[in-house]
Amino acid sequence: MIYVIGIGPGHPSHMTYRATEALSESQVIVGYKTYIDLIRHLIDHKEIVENGMKREVERCAKAIEIAKTGKDVAVISSGDAGVYGMAGLILELIGEQDIPVEIVPGVTASSAAASIAGAPLMHDFCHISLSDLMTPLEKIEKRVRAAIQGDFVICFYNPRSKGRPDHLAKAFEWIKEETAVDLQVSVVKDAYREDQAVSYHTLLNMDFDVVDMTSLVIIGNSTTLRLAGRMVTPRGYAL
């Protein structure tokens, strides 16, 4: 059996009960070292296979190889394993092989960050990754522009890194070209982890320096408000 587990934002209290069960049932834990470290206290008695960034295929192939020996294996992702996680890659690599897989959902970054920022995802929203490692920047631009044209709230994953310091600023320029509204913005860094921080901005008054790869940036739609210091997108209920 392979369990593909979303461990949530990082704090054990925000892991699902089924995630902890599946970890307990697994003999081998496979994952990116940073995510392994978040739950190491729960799995230090297990066999652990860990490696670094950009070695996702290697990790998943190793998990499948171990499962074929008869062991139960957990492949972990932060957030939800089916949202920019390992679930899809595991299923792609298994293909038509007869290997049982259970995908265990978790609290994804957008849900975690939104709960800290207020209630910005109360109406239609989308996830867009600003990393161009897997997606050409031209296609990312089309998706950002289309989301603004559709008046979606946008959750930017992978918003800014040392290798991509300007992608978020570029995205803001694309947004400005598609709307005249000074949209509400929140930045949540390290949601439910030790260094958690939240800051509020607008489209025209944005501090890009507070954003890094552990941040999630939420861009409100045309109705999103700041109420008592929190970001809220009205659902449309009659008040």
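The axes of helix 3 (residues 56-67) and helix 4 (residues 87-94) come within 10 Å of each other and cross at roughly 60°. Because of that angle, helix 3 is oblique to helix 4; angles under 35 degrees count as roughly parallel, over 145 as roughly antiparallel, 65 to 115 as roughly perpendicular and the rest as oblique. The crossing of helix 3 and helix 4 is right-handed. A crossing is right-handed if the near helix is turned clockwise from the far one by less than a right angle, and left-handed if anticlockwise. Helix 3 contributes Glu56, Val57, Cys60, Ala61 and Ile64 to the contact, and helix 4 contributes Leu89, Ile90, Leu93 and Ile94. Contact means heavy atoms within 4.5 Å. By class, the contact of helix 3 with helix 4 has eight nonpolar, no polar and one charged residues. In this scheme Ala, Val, Leu, Ile, Met, Phe, Trp, Tyr, Cys and Pro count as nonpolar, Asp, Glu, Lys and Arg as charged, and the others, Gly among them, as polar.

This is a predicted model, in which local features need pLDDT of at least 70 and side-chain atom pairs count only at pLDDT 80 or more, while totals for chains, interfaces and linings use all residues. Residues are numbered from 1 along each chain as its sequence is written, and side-chain values use heavy atoms, with hydrogens and water left out. Helices (H or I, at least four residues) and strands (E, at least two) are DSSP runs, numbered from the N terminus. Axes are lines fitted to C-alpha atoms, for helices over the stretch in contact, and angles run from 0 to 180 degrees between N-to-C directions.

Leu89 is found in helix 4 and, at 18% relative accessibility, counts as buried; buried means under 20% relative accessible area, exposed over 50%, and partly exposed in between (1.4 Å probe, protein chains only). Leaving aside neighbours within four places in sequence, Leu89 is in contact with Glu56, Val57 and Cys60. Leu89 and Val57 are 32 residues apart in sequence, with their C-alpha atoms 7.4 Å apart in space.

Ile94, also placed in helix 4, is buried with a relative accessible area of 5%. With neighbours within four places in sequence left aside, Ile94 is in contact with Ile2, Ile64, Ile99 and Val101. The C-alpha atoms of Ile94 and Cys60 are separated by 9.5 Å, and the two residues are 34 apart along the chain.

On the helix 6 side the contact is made by Leu137, Ile140, Glu141, Val144, Arg145, Ile148 and Gln149, and on the helix 7 side by His167, Lys170, Ala171, Trp174, Ile175, Glu177 and Glu178. These residues divide into seven nonpolar, two polar and five charged.

Helix 2 (residues 33-43) has Ile36, Ile39 and Ile43 buried. Seen down the axis of helix 2, the buried residues fall within an arc of 100°, so they line one face of the helix; the arc is that of the directions from the helix axis to the C-beta atoms. What covers them includes helix 1 (17-25), strand 2 (28-32), strand 3 (47-51) and strand 4 (73-77).

Ser110 touches Leu121, His127, Cys155, Tyr157 and Leu216, not counting residues up to four places away in sequence. On the like basis, leaving aside neighbours within four places, Thr135 is in contact with Ile140 and Arg143.

Most residues other than glycine have a negative phi. Asp151, in the loop between helix 6 and strand 8 (153-157), has a positive phi near 60°. Ala228, in the loop between strand 12 (225-227) and strand 13 (230-232), has a positive phi of about 50°.

The accessibility of single residues is listed below.

| Residue | Relative accessible area | State |
|---|---|---|
| Asp151 | 32% | partly exposed |
| Ala228 | 75% | exposed |
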